Amino acid sequence: MDFQPPDIPDVIRDYILHENAFFVLSIKTAICRRFRDVIDSNYTPFTDIHVAIGHDYVYVKFNDMRSLYSHKEVREYKYGHKYHDENKTFIEGEGYLTKAFDAVAVALRNQQNILRTFRLSWHPRAKQTNREQTAENVEFFYERVRLLLVNQPFQFAVRDFSIQDTNLPRVLAILQHLSPETIRKFEISDVNYGSWRLGVIGDAEQIMEQMVETPQWTSLSYIQIIHTPINIPLHNFVYCIEFEIAVESVTIEEIVRLKNTLLERPRFRRCKVMTRTEFNFDEIIPFRNMGALLNGYRHPADNCPYTYRCTIPYTIFQLAVTLRDVSFEINRVQRRQQNKLSNMTDNSVKSFSDMPTDVIEVIVEHSELKEQLILRKVSRSLRDLIDTQKLDYKQIIVDARPDHIFVQFNEHFVAYLDHQKLDIDISQMSSIYKYTTIIRMPPGGDWIQTAFADLELALKNPKNRFQMIRIHSFDDDAGKTVYKKLENILKPFGDRKIHVTRFCARVVEGPQLLSILPHLQPGFLKSIEIEHNVDLAENIDFLIDSQQWKKAQDVEMYAIETPIPIECLVHLRRFDVWIESIEVQDLLKLRDNLIISPIFESCSIRSYSGSAFDIVEVQKILGLKQPSSEKPQSMLLYSIPNSDAILEIYVDNHYVYIEKA
Amino acid sequence: MSCEEPTTSPTPENNITVVSSDGKEFLLDLKLTEQSETLARLISNFEYDRTDVKKDPVPLGNITSAQMQKIIEWLQHHRYYPKWEQNDIHYSTSFTFETWVEEYLNIPNNEMFELLNAANYLNIPRLFSTICRIMASRITGKSAEQIRTVLNIKTDVKNDVYTGIPIQEDSSSSEDGMSEISLSPSPPPI
């Protein structure tokens, strides 16, 4: 790059090179000084400047761009890995400090700039010599900043100013040259490293007296003075929104006075006052009268035992005064009782909407699902509240037909149908459909979309817990639509799983099942039921390897044309499966696994092909005994070794039933 | 559930004074305050259960004298009831109430709301839960429009996008509409 004027800070150069290449090309022939003048007299894109000074480096962060100025290449080796995006400027000798300051000065000299934040800080190090070197660098840099600001004919515009400095006269001088029209936040902090601490330079009390008289101070909304404790009268802060200070000592009477003043300050939000002297509540005033003194009361929501709430008259807010050993805080809090859904501001409760949110939540909890869904329709604010609340969903059954969909929400049936379809003759159907709600779409309305919008409402709320979700369709095409739509609902949930205890699916294709099952919470899902004449051959491994299968307790699979390995069933409590064929050796394997299962209760296995069992052979190989005469002849018993329990095994031609007794 | 209510008069040793927002003072037996978690905690913190502690009046800035009167009536009626259990299934789900409770809460809705607010503020769980159940029972079987009337709620939902049925006068479509399932009439009891 042939454009490299020596007096242009890298950040400006980079900004222009990266952001405004056309401009660079157009001024290639201009002299460097002219270019700088142009930059200085125009708005530059600085919003935040953070300076951190160390013993052999200066970090300057311009907006999001981090620049390192150092005089040792070794820093790149030592620290370069931390910030890959930083610009690095290495200059031999002390030139890096000047270079860093020049870069910052470009922003400070510009009258057009309004900085959002300007922060000056330093990095004290453990090593004594490094600390001293850092202090020297800081002195150099801060003094240059002060001289620049003091000698400029205008006050620099910045909103938040933060400085880590013990030289209070310098801080005052800098503050006086910041624009009172823009400054809102002011932070001063001192410098320490463990017990090492720089003493305050100047007469702290006198400087602070001058500081609070400046026009800048009266513009401030946020003040933080975390410094060697300085005694500043608390009334100097009562016009702030927030403040945090450290003082030598404070009395209860001062706290009460401050609280009473802050009660009348509508802008006030919070404050924290740290003291060097520890409160002795017992000596200052008998503690049990503290509430009376503060005219407050203990609130159950406050964890601190020394927190008292004082109501701000005619508002929904309170001041919470918290007393600690070496500090106290005053926070403005919203009264819980007045956490309203509506915008009413007076204290009287005229409508349900004026009730506190948590109260309405309890009322909604007491209602049944149907009422909860009706309440969603009552007002938007109620709907917003209900949508974040656990609703009383117990079961959802989806029954897809070619021209309509039945959905059962708990005991409430809803039929979604097209506007052209004749009414469903409910009377011809099972009595459970007797009170079905019919939702007929207006012309152009999408009944499928409507049905799944209601389903999505139920499924998307992560707090809902379902006892059962059943999906079935007696029409293959309608079934495919249902599974596709459900998959579209569930996919955006990502890793969030649906909490359902029992999942029943009538599927015609393996992928249909596998599009839903992974979205169900493993472990919470106790029971899986799959039916219909489906070939899971390609998907069986996926199914039995899934966490949902492994953590399930009950499985029922009807008319599944897929051989399931016996090993994949023995962890279950109950199972009922149809498999292609089962041999006596499989029964032996099954018996050996089931007798050691801690949860097994019963199972039944049907084979739809293969040879019928020879009961005598089964009895012999499995070591089964004939039961007493009142039991059926096909019932055999196996005594579990070292246990009182037995397995009752019923064997028929193509059917085996085993129960632990 | 009903309990015998022996008459006891509070003595200076076993009572505190609470002051309602309109400045009226009520002498309250400490035994009654056990039903209110807020008052019980306050008494514990201030050690008002000790006889040698001077008991300053407790200001209840959020409760009017009428509400306090009503609450004391509740506290006295339930003075000898067993301690409230949060997970009492009977209380949490049933919509049947004692005759006394039905008469006690046979009040206009706005008074009910204020009483509920007061019960929440004083943290009287039995009263709070009972009013919540009463409120839930009052909306059971009602349509959205009826609920708005009963609970005095002004709707901000204008229409129903799926059915096109206007909830109020506005029938234009809205993407924020809600399904008609919530408008269905309640099935008669089987």
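Guide: Before we start, one definition: two strands count as paired when DSSP finds at least two bridges between them. Also, what you see above is a predicted model.

Visitor: Okay! How many helices and strands are in chain A?

Guide: Chain A has 22 helices and 28 strands.

Visitor: And how much of chain A counts as buried?

Guide: Of its 661 residues, 32% count as buried. As for contacts between residues at least 6 apart in sequence, 59% join residues at least 24 apart.

Visitor: Let's zoom in. How many bridges join strand 24 to strand 25 in chain A?

Guide: Six bridges, and the two strands run parallel. Strand 24 covers residues 574-579 of chain A, and strand 25 covers residues 602-607. One pair to look for is Val577(A) with its bridge partner Ile605(A).

Visitor: Which helix does the chain go through from strand 24 to strand 25 of chain A?

Guide: The chain passes through helix 21, residues 584-594 of chain A, in a β-α-β crossover that is right-handed.

Visitor: Which side chains of strand 25 in chain A are buried?

Guide: Cys603(A), Ile605(A) and Ser607(A) are buried, and they point to one face.

Visitor: What actually holds strands of a sheet together in a pair?

Guide: Strands of a sheet pair through backbone hydrogen bonds, either parallel or antiparallel.

Visitor: New spot: which strands of chain A pair with strand 6?

Guide: Strand 5 (residues 114-122) is one of them, joined to strand 6 (residues 157-164) of chain A by six bridges in a parallel run. Strand 7 (residues 185-189) of chain A also pairs with strand 6, in the parallel sense over five bridges. Ile163(A) in strand 6 is a handy landmark: Ile163(A) is the bridge partner of Leu120(A), and Ile163(A) also has Ile188(A) in strand 7 as a bridge partner. The chain then gets from strand 6 to strand 7 through helix 7, residues 168-176 of chain A, in a right-handed β-α-β crossover.

Visitor: How do helix 5 and helix 6 of chain A cross?

Guide: Their axes come within 11 Å and cross at roughly 30°. Angles under 35 degrees count as roughly parallel, so helix 5 and helix 6 of chain A are roughly parallel to each other. The crossing is right-handed. Helix 5 is residues 95-108 and helix 6 is residues 128-151 of chain A.

Visitor: Which residues of helix 5 meet helix 6 in chain A?

Guide: Leu97(A), Phe101(A), Ala105(A) and Leu108(A) do. Across from them in helix 6 are residues including Phe140(A), Phe141(A) and Leu148(A).

Visitor: I spotted a lysine. Is Lys370(A) buried or exposed?

Guide: Lys370(A) is buried, because 21 other C-beta atoms lie within 10 Å and the cut-off for buried is 20 or more. Lys370(A) lies in helix 14, residues 369-378 of chain A. Its C-alpha atom is 9.8 Å from that of Leu391(A), 21 residues apart along the chain.

Visitor: And Ile396(A), buried or exposed?

Guide: Ile396(A) counts as buried, with 21 C-beta neighbours inside 10 Å. You'll find Ile396(A) in strand 16, residues 395-400 of chain A. Leaving aside neighbours within four places in sequence, the contacts of Ile396(A) include Val407(A), Phe409(A), Leu455(A) and Ile469(A).

Visitor: Where does Asn642(A) lie?

Guide: Asn642(A) is in the loop between strand 26 (635-639) and strand 27 (646-651) of chain A. Asn642(A) is exposed, with 7 other C-beta atoms within 10 Å. Its phi is near 55°, a positive value in a residue other than glycine.

Visitor: What about chain B? Where is Asn123(B)?

Guide: Asn123(B) sits in the loop between helix 6 (109-122) and helix 7 (125-139) of chain B. Asn123(B) has a positive phi of about 55°, though it isn't a glycine. With 16 C-beta neighbours inside 10 Å, Asn123(B) counts as partly exposed.

Visitor: Last one: what order do the strands have in the open sheet of chain B?

Guide: The order is 2-1-3 for these three strands, with mixed pairing. Strand 2 (25-29) and strand 3 (58-59) of chain B are the edge strands, each pairing on one side only. Strand 1 (residues 15-19) and strand 2 of chain B run antiparallel, joined by five bridges, and Ile16(B) has Leu28(B) as its bridge partner in strand 2.

Methods. Residues numbered from 1 in each chain as written. Chains lettered and ligands numbered in written order. Predicted model: local features only at pLDDT ≥ 70, side-chain atom pairs only at ≥ 80, totals over all residues. Helix = DSSP H or I, 4+ residues; strand = E, 2+ residues; numbered from the N terminus. Buried ≥ 20, exposed ≤ 12 C-beta atoms within 10 Å, placed from the backbone. Contact = placed C-beta atoms within 7 Å. Right-handed = clockwise from strand over helix to strand, strands pointing away. Axes fitted to C-alpha atoms, helices over the stretch in contact; angles between N-to-C directions. Parallel < 35°, antiparallel > 145°, perpendicular 65-115°, else oblique. Left-handed = near helix turned anticlockwise from the far one by under 90°.
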